[in-house]
Amino acid sequence: MNLKISKKGFIRFCKWAGLAVLSLFLLFLLLNRIFPLSDKIDYSTVITDNKGNIINAYLTKDQQWRMKTELNEISPLLRKTIIAKEDKYFYSHPGVNPFAVIRAFFKNIFRMKRTSGASTITMQVARALEPSRRTIWAKAREMFRAFQLEWKYSKDEILQMYLNLVPYGGNIEGVKAASLLYFNKDPDHLSLAEITALSIIPNRPSTMVIGKNNERIIEERNRWLKKFAEDKVFSEKEIEDALREPLAATRGIVPHYIPHLAYKLKSSKSNAIIKTNIDLNTQLKTEKLVEDYVRGLKLRHIKNAAVIILDNRSHKVITYVGSSSFFDTTDAGQVNGAAAVREPGSTLKPLLYALNFDEGLLTPKKVITDVPVNYDGYSPENYDQKFNGNVTIEYALEHSLNIPAVKSLSLLGKEKMISKLSDCGFDQIRKDRNKLGLSLILGGCGATLEELTGLFSSFANNGTFISPAYTQDDTLSIKKNIISPAAAFMISEILSHINRPDFPINWQATEHMPRIAWKTGTSYGRRDAWSIGYNKNFTVGVWAGNFSGVGASDLSGANIATPLLFRIFNTIDYNSDKEWFAQPKDCDIRKVCSETGMIPSDHCTDLITDYFIPLISSNKVCDNWQEIAVSPDEKVSYCNSCIPAAGFKKKWYKIIDPDMESWYRENNISYQSIPPHNPNCEKIFKGSAPLITSPVNGSEYMISKKNPEPLMLACKTANDVSRVYWYIDNKFYKVSYAGDKQFFKPTEGPVKISCTDDKGRNRNITIYVRYVNL
C-alpha cells in the first residue's frame with residue numbers, strides 16, 4: 001500500500017516538476033521578449049592586406065582597441081587553454097554552472113567574504129556586454145543574460161564573443177588586439193606560453209601590465225602552466241617548452257599603412273574587418289618612390305602626387321597612394337589625391353578615338369585637319385598654340401592635339417562619349433552631363449585618378465571595363481564592353497610609340513623598362529599633371545600637382561607625371577616586355593592613301609598600311625582629286641552646264657577643305673586653287689555653303705555707345721570659290737575675295753547676316769546687338 005502511494009507521489013512530483021520547468025521556460029521566453037539581449041559589439045575597424053595581415057586599424061567610439069577575432073582565428077591551442085583556465089565545463093552547462101554556483105555560495109558564506117566565483121565564460125560575456133557593479137541582482141541578471149546568449153548563439157560563437165571582449169589592460173580588449181599590440185602576431189599564431197600570459201591579465205589588469213610587470217606575469221604564468229600539467233591538459237613536453245619561453249613583450253603600436261584608402265573604406269563600409277587587395281611590398285616601394293620624387297619637385301613649387309596600381313589580370317587595386325606624405329602639412333597631405341575630382345586634361349582622348357574607330361568614322365591613318373575652328377563661339381587651341389594642317393589620327397593622338405580631338409568629339413556626338421564615361425563610373429561627369437560641351441575632351445569636366453586608372457585598364461582587357469576591386473569581398477563589380485578588342489588594340493599600338501613629344505627628355509633608364517602604352521594630360525592653368533600607363537600586367541595612374549589648386553609653370557603630364565610613371569613600371573615590372581597585346585580577329589590591315597587615309601583611287605600614288613575593322617570602318621574611296629574643265633590659260637573653270645564646245649582643257653585639281661584653304665591663305669602657304677567659275681554660268685551649285693566664322697551665330701554682342709567698334713565679317717569657303725557677297729538684314733553690303741575680312745557697324749537688336757559665294761550657295765546667321773554705356 002505504501003509502495004503504491006510512493007509511486008503516485010513520484011508521478012505527482014514529476015508532473016509538478018515538469019509543470020514548473022515548463023513555466024520557467026515560458027517565463028524565460030516572455031522575459032527574453034520583454035528584455036531583449038543587448039549583444040551589439042562595437043569593433044575597431046581593421047584593414048588587412050592581400051595576405052590577411054593587419055595594415056591599419058581605428059579605435060572604437062569609446063576609444064578602445066577592440067578587434068574582432070574571427071572563428072577561424074581561434075586555434076585549437078587557444079580554445080583548449082582558455083577553456084581549461086576559465087571554464088572547463090563550458091561545453092556541458094547551459095550558460096550557468098549550478099554546481100559552481102553552489103560551491104561558490106558555501107565557500108563565501110563560511111569564509112564571510114568573496115573567495116570563489118562561479119562565473120562561466122558565458123556569464124563573463126554577459127557582464128562584458130552590460131557592465132555594472134557586482135551585486136546579487138547584477139549576478140542574477142548575468143545568469144539570465146547567460147541563458148539568453150546560450151539560446152541565441154552556439155558555444156563557439158560565445159567563446160568568440162568572450163575572446164573579443166575580455167580586457168587586457170589599458171584600452172585593449174579582445175585577444176586579437178592584445179596579440180597584435182603585445183606580440184605583433186595574429187591570435188592563431190600565439191604559443192602556449194603567450195596565451196597563458198595573456199589569460200591572467202584580465203583578473204589583475206592594473207598590476208599585471210605587459211612591458212612593466214613581465215617578471216610577475218611570468219611567475220603567475222608558470223603557476224598556471226604547472227596546474228595544467230597536474231590536470232594533464234597538455235603534455236609534459238609542451239609544458240616544459242612553455243615554462244622555458246621568455247617574455248620580453250612590450251606594448252607596440254597599431255600599423256597605419258595606406259591611410260587614405262583605409263579611411264575611404266572605413267567611411268564607406270561597416271565591416272569590422274575590411275580585407276583589401278593591397279600588396280604591402282609594392283605599396284611601400286611605391287610610397288618611397290613617390291615621396292623621394294616629390295621631394296625633388298618642391299623647389300619647382302610642385303608639392304604632391306598620387307598613384308594607383310591596378311592588376312590587369314585580377315582587376316584588383318594592389319597599391320593606393322593618396323599623397324606624397326600623409327603627415328606633410330605643407331600641402332594638406334591628408335587629402336586623398338587619388339579620389340579628388342580634378343580636371344583630366346587630355347587623358348580622355350584615347351577613349352574618344354576608340355569610340356570613333358568602332359563607329360566606323362575614323363581609323364588610325366585617317367587624315368583630319370588641325371587648323372583654327374569655331375563651334376558657336378568655342379575656339380579650341382593646341383597646347384603649343386600652333387597648328388599642323390593635315391594630320392593623321394595616329395599623329396593627333398601621339399601629339400595630343402586638341403583641335404582634331406574636338407572635331408572628333410563633334411563627329412561622334414558628346415552624348416555617346418558621356419554615356420560611355422558614365423558606364424565606367426565617372427560620377428562627376430554623370431552628374432554634369434547636361435552642362436558639358438565639346439571642351440569635355442580637353443579636360444572641361446571632373447574626374448578622379450581612381451576613375452581614370454579603371455578606364456585605362458579596359459584597354460588592357462580587350463575593351464572590357466571591369467570596375468577596380470578595392471576589397472576582397474567586392475560584389476558590386478561592373479563589367480561592360482565599352483569598346484571593341486580591335487579599337488583597344490589600335491589605341492594600345494598608338495600609345496606605345498616612344499617617338500612622341502611627351503616622352504621625357506631626361507629619362508635615362510629605358511633599356512630594361514617594360515613596353516607600356518601611356519597617355520599624358522595637363523589641366524588648364526597647369527594645376528594637374530596626369531600620366532596613365534598600362535601593359536598586360538598592370539595599369540598605373542599618376543597624378544601630380546598641388547592640393548591647394550595653385551598651378552606651377554613646370555607642371556605638365558609629360559615632364560612631371562610621366563617620369564614617375566616610368567620609375568614605377570621599372571620597379572614593379574622590370575624588364576618584363578615579353579608579352580604584348582596580340583592583334584584581335586576583328587582587326588585587319590589594308591592599304592590606304594597617305595593623303596586622306598581612305599581607300600586609294602587610281603590617282604593615289606603614295607600608299608601606306610592602316611588598321612581597320614572589317615564591315616565597320618568606312619570603305620569610301622579617296623576623292624581628293626577631281627578633273628575640272630578650265631580655259632587654256634587656266635583662269636576660268638567650267639561646269640557641265642557651261643562648258644564650251646571647244647577652247648578648253650581638262651586638268652586634275654586637289655580638293656581642299658575650306659578651313660584648310662583658309663589656313664593656307666592666312667599662313668601664306670602656296671597651294672593650287674581651282675580657277676574661278678565661269679561668271680556667265682547661271683547654274684546654282686550644290687555643296688558646302690560659306691561657313692561664317694565671325695560673328696558667331698546666336699551670340700549677343702554688347703557695343704559701347706561712346707566708342708562703338710565695328711564687327712568683323714569672316715567666312716570659310718570651298719576651294720572652287722573666288723568671291724563672296726555679304727548681306728546685312730537682306731540688303732547687299734559688300735563683295736570681297738574669299739578669305740578676306742570685312743567690318744561693319746550693326747544696328748541695335750537682331751541682325752541677319754548672309755554670305756553667298758560665286759556659285760550661288762548661301763548661309764544665314766542671326767546675332768543680337770545691344771548698345772550699352774561702358
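**Rings and strands**

I began at tyrosine 727, which is partly exposed, because its relative accessible area of 29% falls between the 20% and 50% cut-offs. A reminder to myself: this is a predicted model.

Next I looked up the aromatic pairs, and the structure holds 17. One of them joins phenylalanine 459 and tyrosine 534, stacked at 6.0 Å centre to centre with 20° between the planes. Why does this pair tie together parts that are 75 residues apart in sequence? Phenylalanine 459 lies in the loop between helix 18 (449–457) and strand 10 (464–466), while tyrosine 534 belongs to strand 13 (residues 528–534), so the contact links those parts. I found both phenylalanine 459 and tyrosine 534 buried.

Back at tyrosine 727, I noted its pair with phenylalanine 732: edge-to-face, 5.6 Å centre to centre and 70° between the planes.

I also wrote down one aromatic cluster, made of Phe456, Phe459, Tyr534, Trp580 and Phe581.

Then I checked for charges over rings. Arginine 500 has its charged end over the ring of tryptophan 518, 3.9 Å from the centre. Lysine 85 lies over the face of tryptophan 224, 4.7 Å from the ring centre.

Strands 17 and 18 form a hairpin with 6 residues between them, and glutamate 634 in the turn has a positive phi of about 60°.

Conventions:
Residues numbered from 1 in each chain as written. Predicted model: local features only at pLDDT ≥ 70, side-chain atom pairs only at ≥ 80, totals over all residues. Heavy atoms only, no water. Pairing = 2+ DSSP bridges. Helix = DSSP H or I, 4+ residues; strand = E, 2+ residues; numbered from the N terminus. Phe/Tyr/Trp six-rings, centres within 6.5 Å; stacked < 30°, edge-to-face > 60°. Buried < 20%, exposed > 50% of the residue type's maximum accessible area, 1.4 Å probe, protein only. Lys NZ or Arg CZ within 6 Å of the ring centre and 35° of its normal.
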